[in-house]
Amino acid sequence: MTLTETKSFCQICSACCGTKLTIDDSTGRVVKVRGDKDDLMSSGYACIKGLEAPAALYSDNRILEPLKRMADGSFQPIAFSTALDEVAAKLQDSIDRYGAESIAGFRGSGAVVNATAGLIVHNLLEAIGSHKSFSPYTIDQSAKNISAGRLGIWPPGRDTLRDSDMRMFFGINPLVSVLCSYLDMTNPMKRLKDARARGMKVIVIDPRRTETAEFADIFLQPYPGEDVSIAAGFIRIILKEGWEDKAFCADHVQDLEELRRAVEPFTPEYVANRAGILAHDLWRAASLFAHESKRGGAGSGTGTNMAPHSNLAEHLIECLNVVCGRYLRAGDVFPNPSVLRPSWTRQAQVIPAQRWWEEGYKSRIKGYGTLTTTIGTKFGEMMTGIFADEILEPGEGQVRCVINNGSNIINIVPDQEKTFRALKSLDLLVSIEPYMNETARMSDYIFPTTLHYERPDLTHWMYAAEIMYSEPYARYKPAAVSPPAGAQVVDDWIVVWELAKRLGVQLVFDGIPLNMLTRPETDDLLRIIVRHAPISFDELKAMPLGKIFNETAQVIAAADPGNTGRFTTMPMDVAAELEEVLSERVEPGFAFSQGQRFTHRLTSRRLREVINSTGHDIPAIRRRMPTNYAYMNPEEMIDLGISNGEKVKISSDNGSIFGIARADPTLRRSVISMSHGWGGLPGQTNFETEGSNTGILISTDRDLDPINAMPRMSAIPVNVTRVAPQVEETLEALIDAG
Ligand SMILES: Nc1nc2c(c(=O)[nH]1)N[C@H]1C(S)=C(S)[C@@H](COP(=O)(O)OP(=O)(O)OC[C@H]3O[C@@H](n4cnc5c(=O)[nH]c(N)nc54)[C@H](O)[C@@H]3O)O[C@H]1N2
Ligand SMILES: Nc1nc2c(c(=O)[nH]1)N[C@H]1C(S)=C(S)[C@@H](COP(=O)(O)OP(=O)(O)OC[C@H]3O[C@@H](n4cnc5c(=O)[nH]c(N)nc54)[C@H](O)[C@@H]3O)O[C@H]1N2
Ligand code: SF4
Ligand SMILES: [Mo]
C-alpha cells in the first residue's frame, strides 16, 4: 500500500479548515485526515466531523448512482441522462400547465458550503421565472437582514475584533458552531484566546453556560426568549447614565428620544424579574459594554434569532452598537474588503432604512415579501416559514415541484408533520444529495453528488465573507481524490446546468451567462467567482495554501459632505412590537402560549459532533453522540424525579416528542436544550436510536414573526413529563412492530 499526503481543506461546515489528507494510492481513497498546522487561517484546528471525513466519504449510506423511486417506494438505478430527461419533462409539463411559479427550489447547507452549488438552483429559478426560492437562511438569522432594513446600514460595519476591547455575545456559541461574524469562522478559539490575552473583555448572554461562556468576564444566564427585555434594559441603563456616544448619536441617529421613551419601562428590576437574572448583573454588563470599554460591539446568533420577537431582539442589539457608536470610522482600517467579491468604497455614513421586503414580489401566503441575501441575483428569497403553505394552499402559484439541493428538508423545516404532508403532496420532489437521508427517501429522483474532497472548490465567498473571516483570505483547492470507483456522481451544478439546457433556458451564474451549448468545467465557474480578486484565477490556483491579501485592506472613507442619512432606532412597527412584549403575561420560570402555561422553554443548540442533520450515522460520532439528548439542569431533574438517561415526553402546543433526559450542569432550571435535525420521518421514528425531531414542537400556522415569517424555534414553551412505565411498554411494542 503506497500512501501519499496532500493538503486540502474541509467543507463539511463553512469554516474550511486546512487539512492534510493521507491517500491510499491503490484505492484512491482518503484514509486519514489531520488538521494542517501550516494553514493560514485554521492553524491546525480540525474537529471530529472533519477528522471522520473518510467514514463519511465511504459511508454505506452514500448514494453512488442516480435513483428513481418506484410506485412501491423502492429505488431503482437510472441512467443520468434518462433521469435528467424525465425530470426536465415533468418540470416543463408543470410550467406549461401551472406556470413557472409551480416550481420551487430549496438550497440547504450542503449547497451553501460549495462555491459552485451555493446559488445554482436559485439561478435556475430566475431563468425559468419562478420566485419560489427557499433556503434555511430565513429560518436561521435573517433577523439581521430585517434589522439592517429597518435601522439603516453603516457600510464600514462594526468595530472589528482587532479594534475591540470588549465583545458581547447574545445566543451564539462560536466555540462549537465555528460560525460568528466579526470573530473568525476558521479558528474562533484561537482568535478569542489571543484577544483575551491582549486584554479584551467578553460578555456572554445565554441560558446555557456554553463553551464560549467559559471565556466570559460577565456571564448572564437568563431564561430563553428574553433578549428583547435584556437589550432594552441595557439601552435604558446606557441612556440614563449618559454612557452613549453623544457625538455619534447627534450626527447619525434620527430618533434617539423615541428610543429613550420606548425603553423606559424596561427598568433593571422589570428585566431582572422577566429574564430571571440579577438587576445588578444587568447593570454590570451594561457598564462593561458602554462605560468601561471604548470599542467593540454586541452581536447575536441563532439562539436570539430563533426565539420569539427575533427581529425585535436583533434590532435592539444593533441599537446598542448604534448608541455607543461601535462602528469603524473614517480613517479606520477595514481589514477584509472581501477578496472574492467586487471591492467597493465604504464611507462613514448611514444608508437609511431601505425595507427592501416592502418592494417587489409578494407571496400569495399572507403577503410575505422576499429577502435579498446575495449580490448578483435578480430575485430575493422567500420565507421558509411559509414553504409548506406554498405547497399545500391550492390556487394560482401553488408549488407542485421542488428541486432540493443539499438540504434534509423534512428534518430541518419546522412543523415536521405539516412539512411531511406538503412534501408528500408534491407532483415531483428531486434531490441533489449525496446521502440516503429522510428527504432523499421521500424524493422521486435523486442525483447524487461528489463530496468536498472530490471537487475543485473555493473558500467561503457568499453570505458576508468580509465579516466572517477576520483576514482577507481566499484559497482554491483542486479535487484531492476521485469519487469511489464506478460511482456516477457529478458536481452539484452540473445537474442544474443539464436541466436548464433541457428546459431551453439560459443560466446566469454570479451575473455571468454560462455557455449552454457546451458544458463548462467546474473551474470555469470558479473562475467567474474569482474575477473580482486582486489576482487572477490561475495565480490563486498556483498558491497551494491560498493567501491573506493584506494589501487589499481599505481605509474607511469620510462621509459625503451634506449626507443626511440617519439610523431610525424606533420606527412604528418596532415600537408596536415592543409594546406587545410589554403586554405579555410574565410569571418568572413559566412560559405561555395559546393561553396555556408551560413549565419549560426548549432551546436550540449545536452539537460539536454533527452538522445539523448530517453525520449521525458515522460510527465514531454515534459512539459519542448517539441521540439528541434532552439536556436539563441536574438539580431540577432530581426535583422532578427524572433520572439521567430516563425517557421523557416533551409537549408544546403543537405536538409532542420523546427524548432521553441528560443532566447538564451548564443549564439553568426551566430550560430544555435540544438539538435539531434528528429523528426519522413522522410516525416512523425510533427516538432511542434516531433521536427526535424538535420541529414537531413548532407551529408554522401561528407565532410567525412579522416580515420574515420566522417560526418560534427557540424558547419554545413546553411541558416535560416522565414516561410512565405502561406508556413505555406500549412504545416498545410499537417500535418492535416497526
Ligand atoms: N458543530 C456544529 N457546527 C455548526 C452547526 C452544527 O449543527 N454543528 N450548524 C451550523 C449552522 S447551520 C449555524 S446557523 C450555526 C449557528 O451557530 P450558533 O448561533 O453559534 O448556534 P449554537 O451553537 O446553537 O448557539 C446558539 C446558542 O444560543 C443559546 N440560546 C438558545 N435560545 C436562546 C435565547 O432565547 N436567548 C439567548 N441569549 N440564547 C439562546 C443556546 O443555548 C446556544 O448556546 O452553526 C453552524 N455550525
Ligand atoms: N428546530 C430547529 N430547526 C432548525 C434549526 C434549529 O436550530 N432548530 N436550525 C436551522 C438552520 S440554522 C439551518 S442552516 C438548517 C440546516 O438545514 P440543512 O441545510 O438541511 O441541514 P444539513 O443537515 O446540514 O443538510 C445538509 C444536506 O446536504 C447534504 N450534503 C452534504 N454535502 C453535500 C454536497 O456537497 N452537495 C450536496 N448537494 N449535498 C450535500 C447532506 O447530506 C444533507 O442532506 O436547519 C434549520 N432548522
Ligand atoms: S470545523 Fe467545519 S470545516 Fe473545520 S474540520 Fe470541523 S467540519 Fe471541517
Ligand atoms: Mo444555519
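Reader: Which residues lie nearest the centre of the largest cavity?
Author: C10, C13, C17, C47 and G50 lie nearest its centre. The whole lining takes in 13 residues. Keep in mind that this is a predicted model.

Reader: What volume does the largest cavity have?
Author: About 110 Å³.

Reader: And how many cavities of 30 Å³ or more are there?
Author: The count comes to 7.

Reader: Switching to ligand 1. Which residues come nearest?
Author: S177, D206, D227, V610 and N612 come nearest, out of 32 residues around ligand 1.

Reader: What does the side chain of S177 do there?
Author: One of its polar atoms lies 2.7 Å from an oxygen atom of ligand 1.

Reader: And D227, which kind of ligand atom does its side chain sit by?
Author: A nitrogen atom of ligand 1, with a polar side-chain atom of D227 at 2.7 Å.

Reader: Where does G225 come in?
Author: Through its backbone. An N or O atom there lies 2.7 Å from an oxygen atom of ligand 1.

Reader: OK, N612 was on that list. What does its backbone oxygen lie 3.1 Å from?
Author: A polar atom of the H616 side chain.

Reader: Where is H616 found?
Author: In the loop between β25 (600-603) and α25 (619-624).

Reader: Is H616 buried or exposed, and why call it that?
Author: Buried, because its relative accessible area is 11%, and the cut-off for buried is under 20%.

Reader: Which residues is H616 in contact with, leaving aside neighbours within four places in sequence?
Author: V610, R622, G677 and W678. V610 is also among the residues that come nearest to ligand 1.

Reader: Now ligand 2. Which residues come nearest?
Author: There are 33 residues around ligand 2, and S109, E433, D492, S604 and S613 come nearest.

Reader: Which atom of ligand 2 does the S109 side chain lie 2.6 Å from?
Author: An oxygen atom of ligand 2, and the S109 atom is a polar one.

Reader: What about D492, how far is its side chain from a nitrogen atom of ligand 2?
Author: 2.4 Å, taken from an N or O atom in the D492 side chain.

Reader: And N405, what is the distance there?
Author: 3.2 Å. That runs from a nitrogen atom of ligand 2 to an N or O atom in the side chain of N405.

Notes:
Residues are numbered from 1 along each chain as its sequence is written. Chains are lettered from A and ligands numbered from 1 in the order in which they are written. This is a predicted model: local features need pLDDT of at least 70, side-chain atom pairs count only at pLDDT 80 or more; totals for chains, interfaces and linings use all residues. Side-chain values use heavy atoms; hydrogens and water are left out. On a 1 Å grid over the protein atoms alone, a cavity is a set of points where a 1.4 Å probe fits but cannot get out, and a pocket is an open set with protein on both sides within 12 Å along at least five of seven lines; lining residues have an atom within 4 Å of a point. Grid points are joined across faces, edges and corners, and a volume is the space filled by probe spheres set on the points. Helices (H or I, at least four residues) and strands (E, at least two) are DSSP runs, numbered from the N terminus. Buried means under 20% relative accessible area, exposed over 50%, partly exposed in between (1.4 Å probe, protein chains only). A polar contact is a pair of N or O atoms within 3.5 Å; within protein, one must be able to donate a hydrogen and the other to accept it, and residues adjacent in sequence count only if both atoms are side-chain atoms. Contact means heavy atoms within 4.5 Å. A residue is near a molecule or strand if one of its heavy atoms lies within 4 Å of it.
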